[in-house]
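The points begin with a single residue and then widen to the whole chain.

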Amino acid sequence: MVAITTTNNSFGPTEISYLENQFTKLATDAKRYIVKNGNDPNPGNITEEKESELEEFIEYSKIVMGILGHKIFVPLDEITEDTPREKVVRLHLKERGADATGFLTSEGIIVCEGSKIRATPTPSCREWIKRMRIQNRIYIDKNFILTKDFSFDTPSAAAAFCVFAEINGRTAWKDESGKTLKELDAEV
């Protein structure tokens, strides 16, 4: 858990309500996590000067969270049809009942919405993989199709999520020409 505060407790209820509203909106828009907030935060009625001060506080908070490794306010890399093809490494994983698509980003691998993932774990499936599946089950439909994009730090974590087993992601994920990530790395 991370708590963000000021050194002099200078924010009152109106400022805190505004910050709650903005942080909730940023986290929801980033679509990285499920945002659980029992309140519907009101932006309050603040002056233009106070809004500028609070927006600066928000920007500093985003920087600190990023330095701490929490990318809660940072959206997943967005790849659109307009993104130049040479800047996108599109990937595919088809094994052990999974048929997933994804792409390589500066943060790791994003497994795309609509990917088919394996329904049951292998007998040797590690507990961390099972926990990852349980935590994200609301984004897996009854046919084991992902209903949102998922970001993973490593190719192996992304592959393990898809095949419900431990697997080497550097050999499981392949680009459009059929080369594995391991082969692509060797070319560089």
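1. K130 counts as partly exposed, because its relative accessibility is 25% and this class lies between buried, under 20%, and exposed, over 50%. It should be kept in mind that the model is a predicted one.

2. The surroundings of K130 may be described next. This residue lies in helix 3. When its neighbours within four places in sequence are left aside, K130 is in contact with P121, C125 and F164. By contrast, D40 stands 90 residues from K130 along the chain, and the C-alpha atoms of K130 and D40 are separated by 33 Å.

3. Which residues of helix 3 are buried? Within this helix, which spans residues 127-135, the buried residues are I129, M132 and R133. Viewed down the helix axis, the buried residues of helix 3 fall within an arc of 100 degrees, and therefore they line one face of the helix.

4. The other side of helix 3 carries the exposed residues I134 and Q135. The buried residues, for their part, pack against strand 4 (150-152) and helix 4 (155-163).

5. As to the overall architecture, the protein contains six helices and four strands. Read from the N terminus, the order of these elements is α-α-β-β-β-α-β-α-α-α. The radius of gyration of the protein is 20 Å, whereas the globule rule gives 16 Å for 188 residues; the former is well over the latter, so the protein is more spread out than a compact globule.

6. The extent of the protein can also be stated along its principal axes: the C-alpha atoms fill a box of roughly 55 × 35 × 30 Å. Of the contacts with a separation of 6 or more, 61% are accounted for by residues 24 or more positions apart.

7. How much of the protein is buried? Buried residues make up 36% of the 188 residues. The accessible surface comes to about 12,100 Å², and carbon and sulfur atoms hold 51% of that surface.

Terms used:
Residues are numbered from 1 along each chain as its sequence is written. This is a predicted model: local features need pLDDT of at least 70, side-chain atom pairs count only at pLDDT 80 or more; totals for chains, interfaces and linings use all residues. Side-chain values use heavy atoms; hydrogens and water are left out. Helices (H or I, at least four residues) and strands (E, at least two) are DSSP runs, numbered from the N terminus. The radius of gyration is taken over C-alpha atoms; the globule rule is 2.2 Å times the number of residues to the power 0.38. Buried means under 20% relative accessible area, exposed over 50%, partly exposed in between (1.4 Å probe, protein chains only). Contact means heavy atoms within 4.5 Å. Accessible areas come from the Shrake-Rupley method with a 1.4 Å probe; for residues, only the protein chains shown count as cover. The arc is that of the directions from the helix axis to the C-beta atoms.
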